[in-house]
Amino acid sequence: YSLEFMDTSDDATCVLDHCIVEYAGYTQGGLYIYKSSPTVLNSTFRHNANAGIYAGYSSSTFSGNTVSDNSGYGMLLNFASPAIATSTFSGNSNYDIKFMNSGDGTLSGCTLNNGLYVGNGVLDAITGNTFNYDNSHPIRLGADGRDRRGRHRLHLLLAGQEGGQHLRLFFHQRQAPDADPRHRPAAPPSCRGDRATAVGTAPSA
C-alpha cells in the first residue's frame, strides 16, 4: 500500500511536512500522487518498493526531502511539472529521479547520487545541484521525444552544477517510428532546442 493523494484531494490544504514514509509502495511507490498537487516538505521516503515517490499529472512542490534506499527510482514523474528543491537522494536502486512525458519542471539545490534521467518532455531548469554518481548512473537525456522531422522536443538548461568526478551526459538516441529519414539527426545529438545548453561531453559509444 501507499500514502496516496488522488484527484479528489484539496491541493490547498494537502501538505505533507516532517513525515516518514517507509516500507510501503507494493505496486506504486511509497508516496503516490495522481491528478493532484500536494506540497511535500522536510520528509523522508525510504525502503519503499518500486519508487520512493510517484507523481502523475501533478505540479507538486517538493522541498527539503530525503529520498533514499528505495527498491526502484527515488522519484518517478509522469506527465508532471514538479518543483524539486534542496532535497537529497541516495541509495536508490535505479535513477534518483526519472522524468517521463513531463513538462515545465525544475530541479534546484539538490544532491543526487544515482543520477537523473530526463526522457521525452520539458524540464525547464536544472540549477545549483550536486551530482555524485558512478559510471552506471550518468545524467541521461532521452531523445525519445522527437517530432516528425526527428527534432528534439527536449528543452533543457543546465547551469551551476557540481559533480564528484565529471559532469557527464549520456544521450540516448532512438529514431521516432514516424520520423522522416531525410531529416535523421546527426549522432550524437546536441540536445538543441529553444533553450538547450549541454554542459560536459557525451561519452563515446
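Here is a walk through this structure, from the whole chain down to a few single residues.

Start with how the model was made and how it is read: this is a predicted model, in which local features need pLDDT of at least 70, side-chain atom pairs count only at pLDDT 80 or more, and totals for chains, interfaces and linings use all residues. Residues are numbered from 1 along each chain as its sequence is written, and side-chain values use heavy atoms, with hydrogens and water left out.

That score, pLDDT, is the predictor's confidence in each residue, on a scale from 0 to 100. The protein chain averages 75, and 62% of the residues score at least 70. Where pLDDT is low, the predicted coordinates should not be read in detail.

Now for the overall picture. The protein chain has zero helices and 22 strands. Both kinds of element are DSSP runs numbered from the N terminus: helices are H or I runs of at least four residues, and strands are E runs of at least two. Of the 205 residues, 45% count as buried, where buried means under 20% relative accessible area, exposed means over 50%, and partly exposed is in between, using a 1.4 Å probe and protein chains only. The chain exposes about 9700 Å², and carbon and sulfur atoms supply 48% of that. These areas come from the Shrake-Rupley method with a 1.4 Å probe, and for residues only the protein chains shown count as cover. If you take the contacts between residues at least 6 apart in sequence, 42% of them join residues at least 24 apart.

Next, look at the aromatic rings. The structure holds five aromatic pairs. Rings of Phe, Tyr and Trp (its six-membered ring) pair if their centres lie within 6.5 Å; planes under 30 degrees apart count as stacked, over 60 as edge-to-face, and the rest as tilted. One of the pairs is Y32 with Y54, which is stacked, at 5.2 Å centre to centre and 10 degrees between the planes. Y32 lies in strand β4 (residues 31–34) and Y54 in strand β7 (residues 51–56), so this pair ties together parts that are 22 residues apart in sequence. Y32 is buried, at 14% relative accessible area, and Y54 is buried too, at 15%.

Then there is Y34 with Y57: their planes stand at 85 degrees with the ring centres 5.8 Å apart, so this pair is edge-to-face. Because Y34 lies in strand β4 and Y57 in the loop between β7 and β8 (61–63), the pair ties together parts 23 residues apart in sequence. Y34 is partly exposed, with a relative accessible area of 24%, and Y57 is partly exposed at 43%. Y32, Y34, Y54, Y57 and F79 form one aromatic cluster.

Move along to N78, which lies in strand β10 (residues 73–78). N78 is buried, at 15% relative accessible area, and its side chain makes a polar contact with the side chain of N101 at 3.0 Å. A polar contact is a pair of N or O atoms within 3.5 Å; within protein, one must be able to donate a hydrogen and the other to accept it, and residues adjacent in sequence count only if both atoms are side-chain atoms.

S71 sits in the loop between β9 (66–68) and β10 and is partly exposed, at 47%. S71 and S93 are 22 residues apart in sequence, yet 5.1 Å apart in space, C-alpha to C-alpha. Leaving out residues up to four places away in sequence, S71 touches N48, A49, N50 and S93. G91 lies in the loop between β12 (88–90) and β13 (97–100), and its C-alpha atom is separated by 7.3 Å from that of N113, 22 residues apart along the chain.

Finally, a bit of backbone. Most residues other than glycine have a negative phi. H47, in the loop between β6 (44–46) and β7, has a positive phi near 55 degrees. T86, in the loop between β11 (83–85) and β12, has a positive phi near 40 degrees.

Note on methods
Contact means heavy atoms within 4.5 Å.
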